[in-house]
Amino acid sequence: QVKARYQFPGGQNLEIAQGDITAEDVEAIVNAANAMLQHGAGVAGAILRKGGPQIQEESDAWVRQHGPVTHGRPAYTHAGRLPFRYIIHAVGPIWGEGDEQSKLSAAISGSLQLAEMLGIRSLAFPAISTGIFGVPKDLAARVFLQTIADYFSQSPNSPLSLVRITLYDTPTLEVFLETFETWR
Ligand code: AR6
């Protein structure tokens, strides 16, 4: 359910929506992962339950081949039983470890770059780092909006035509909508 929309000068849309990201009608979704791609709880657990074990198997193979996933270079796998072309596994910061804003920003811009490289035209993000990783919602909302805006101002002809931020719980949705109103 889309709650707010903004169109960039290049025609790309940014949407803020409420719902379960696994049910979004987009080509790819971003997972809020950890560096070892051990998908346990939160949105990662929901994605794994619905997509099936193929996602964890491909994730394990990724880590064996490339090592732990860094903030700026997300991993990707197929989506198992879920109807997406890919799942992008982005690693946000844990609150308290330092440099959280730039790490979160790197995870978001890295996901946008990877999506574009994979030929994805519509992508949904969860509120990376705001659950188990404990980053304050208002800080995360500002970083999300600023990073996406910077991305499209640097790539005005990006073929990524839809970026949706899908918020699950109402408190997080409200913070993102408030931040969006002052930002737009
Ligand atoms: N759709 C959209 N958002 C969701 C869903 C869903 N189905 N389920 C939860 N959320 P979290 P993090 C929201 O904890 O803070 C895992 O164990 C949730 O309400 O999933 O980056 C990983 O393996 C919150 O707003 O991610 C990592 O170890 C947001 O998704 C660690 O947690 C992010 O919460 C990552 O922690």
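Is S122 buried or exposed? S122 is buried, because its relative accessible area is 13%, and buried here means under 20%, with exposed over 50% and partly exposed in between (1.4 Å probe, protein chains only).

Before you click on, some housekeeping. This is a predicted model, in which local features need pLDDT of at least 70, side-chain atom pairs count only at pLDDT 80 or more, and totals for chains, interfaces and linings use all residues. Residues are numbered from 1 along each chain as its sequence is written, and side-chain values use heavy atoms, with hydrogens and water left out.

**Stop 1: S122**

Stay with S122 and color strand 6, residues 122-125, which holds it. Helices and strands are DSSP runs numbered from the N terminus (helices H or I, at least four residues; strands E, at least two). Now show the side chain of S122: one of its polar atoms is 3.0 Å from the backbone nitrogen of E27. Contact means heavy atoms within 4.5 Å.

**Stop 2: the ligand**

Center on the ligand, which sits in the largest pocket. The pocket search runs on a 1 Å grid over the protein atoms alone: a pocket is an open set of points with protein on both sides within 12 Å along at least five of seven lines, a cavity is a set of points where a 1.4 Å probe fits but cannot get out, and lining residues have an atom within 4 Å of a point. A molecule sits in one if more than half of its atoms lie within 2 Å of its grid points.

Which residues come nearest to the ligand? Pick out N34, V43, S129, G131 and I132 from the 22 residues around it; a residue counts as near if one of its heavy atoms lies within 4 Å. Helix 1, residues 42-51, gives the largest share of that shell, with four residues.

Then draw some distances from the ligand's oxygen atoms to the backbone:

- V43: a backbone N or O atom lies 2.8 Å from a ligand oxygen.
- G131: a polar backbone atom is 2.9 Å from a ligand oxygen.
- Q38: a polar backbone atom is 3.3 Å from a ligand oxygen.

On its own the ligand has 700 Å² of accessible area, and the protein covers 90% of that. Areas come from the Shrake-Rupley method with a 1.4 Å probe; for residues, only the protein chains shown count as cover.

**Stop 3: the loop between strand 3 and helix 1**

Select L37, which lies in the loop between strand 3 and helix 1. L37 counts as buried because its relative accessible area is 0%. Check its backbone too: phi is near 55°, a positive value in a residue other than glycine.

G40 lies in the loop between strand 3 (28-33) and helix 1 as well. Is G40 buried or exposed? G40 counts as exposed because its relative accessibility is 51%.

**Stop 4**

Go to A33 in strand 3. At 4% relative accessibility, A33 is buried. Draw a C-alpha line from A33 to P74: they are 41 residues apart along the chain and separated by 9.1 Å.

Hop across to F133, in the loop between strand 6 and helix 4. F133 is partly exposed, at 22% relative accessible area. F133 touches A33, N34, G92, P93, I94 and W95, leaving out residues up to four places away in sequence.

**Stop 5**

Select L145 in helix 4, residues 137-154. L145 is buried, with 1% relative accessibility. Beyond four places in sequence, L145 touches L14, I165, T179, F180 and W183.

Finish at D99, in the loop between strand 5 (86-91) and helix 3 (100-117). D99 is exposed at 55% relative accessible area, and its phi is positive, about 60°, although D99 is not a glycine.

How values were computed:
A polar contact is a pair of N or O atoms within 3.5 Å; within protein, one must be able to donate a hydrogen and the other to accept it, and residues adjacent in sequence count only if both atoms are side-chain atoms.
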